[in-house]
Amino acid sequence: MEQYFLKKNNIAIIGGGPSGIYCACQLLLEFQIHNFTNFSITIFEKSIALKTLLPTGNYRCNITNSIDDIKEFASNYPRGEKFLYSIFSRYFNLETLDFFSSVGIETYNQEDGRVFPLSNSSSEVRKKLLMHLSKFKNCRIVNKKINSNAELHSFDRIILSAGSRGVDELIQSFGHCIIPYKAALCALIVDNPIFPQGVSVKSLDGDFVFTDNGISGPLAYRISSIKAFDTFPYEIEIRLFELDKLLDEIKNNSKKSIGNIVSKFIPKSLAKVLLSNYDKKASEVSKNELLNYTKLKLKIIGAKPEGEIVRAGGVNLADVDKNIKSRIYPNLWFCGEILNIDGFCGGFNLQNCWSSAAVVAKDIVSSII
């Protein structure tokens, strides 16, 4: 142990996005707890630090979600769910919010569980995190793109937190293979888009809105995430409303047109597209026809990234240990979106950044002290 007090411990963080900056914050906190000062942290960022934080939560920064059960929380990750059980058991949303509070970022919970800063400003969150880092002389941000491990020979420990764009060459230089990155949380493009553009629908499966060439909104993002690795075209079926409720309505209004009755459950403009017999008397429509009106079948021919840009794929979780340390290359860790972990909308992707970064920081400090 004494050699580490004599030798300077140089740590490189590649990527100044949410996970990289948060990892630096957690390293500084852990070293402070142990009263250890013989280290330096260099964050290499090819663009602008925390630039990718700005559009999150529609520029309000959806920091996390208030779900307090780890397994329920982790069920919101199509990839990485079981791996995150261990990560979240060591650092979860409450620890995250405590840290944000400590740097002057207070939060509030929405009814849907999403957690936002009181300022409703991602730029304010970015500003306060960077201000916090600027207080430490042994931590610096360098505006430089790192392309391979050969550029990092002077560092004792390396953290790759460079997101999911343009990182293939860098990851492979450390001997790691990549699960190909695919767009997730996307709007969906449908074959023959005949539906009313701009109309929002609250379905049994989730909310969505019709666009000029398909659907967008929470349900579309969820479907695109689950099916990120599916080959186009594929078909989906959305449950619009319950058949029993439609039957009850018909029983009480049998003389009305089926179109008018169905329009009580979905927008009228959508009903007019779905129902070829819109003006037919409800009592004359067969049960099979009624069943078809309760669901929307779509052929998906493509996806269009928008809003919160998240990608599936990345470093294979089988190639890292429980502390997200490489099993292939010595003194190498990963955190954030560079890993094959991605979640639905609602604060889940940022919580992966915070938790994975904190677990990596703790492991690095324990390897030194």
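Hi everyone, let's start with two helices: the axes of helix 2, residues 18-33, and helix 7, residues 122-134, come within 10 Å and cross at roughly 40°. That angle makes helix 2 oblique to helix 7. The crossing itself is left-handed. Do keep in mind that we are looking at a predicted model.

So who touches whom here? From helix 2 we have I21, A24, C25 and L28, and they meet L129, L130, H132 and L133 of helix 7. Sorted by class, that contact has seven nonpolar residues, one polar residue and no charged ones.

Now to the rings. The structure holds 23 aromatic pairs, and I'd like to show you two of them. A quick reminder: we describe a pair of aromatic rings by the distance of the centres and the angle of the planes.

Y22 and Y91 pair edge-to-face, with 6.2 Å centre to centre and 70° between the planes. This pair links distant parts of the chain, since Y22 sits in helix 2 while Y91 lies in the loop between helix 5 (81-90) and helix 6 (93-102), 69 residues apart. Y22 and Y91 are both buried.

Y22 also pairs with F99, again edge-to-face, at 5.2 Å centre to centre and 80° between the planes. Here helix 2 is linked to helix 6, where F99 is found, and the two residues are 77 apart in the chain. Like Y22, F99 is buried.

Conventions:
Residues are numbered from 1 along each chain as its sequence is written. This is a predicted model: local features need pLDDT of at least 70, side-chain atom pairs count only at pLDDT 80 or more; totals for chains, interfaces and linings use all residues. Side-chain values use heavy atoms; hydrogens and water are left out. Axes are lines fitted to C-alpha atoms, for helices over the stretch in contact, and angles run from 0 to 180 degrees between N-to-C directions. Helices (H or I, at least four residues) and strands (E, at least two) are DSSP runs, numbered from the N terminus. Angles under 35 degrees count as roughly parallel, over 145 as roughly antiparallel, 65 to 115 as roughly perpendicular and the rest as oblique. A crossing is left-handed if the near helix is turned anticlockwise from the far one by less than a right angle, and right-handed if clockwise. Contact means heavy atoms within 4.5 Å. Ala, Val, Leu, Ile, Met, Phe, Trp, Tyr, Cys and Pro count as nonpolar, Asp, Glu, Lys and Arg as charged, and the others, Gly among them, as polar. Rings of Phe, Tyr and Trp (its six-membered ring) pair if their centres lie within 6.5 Å; planes under 30 degrees apart count as stacked, over 60 as edge-to-face and the rest as tilted. Buried means under 20% relative accessible area, exposed over 50%, partly exposed in between (1.4 Å probe, protein chains only).
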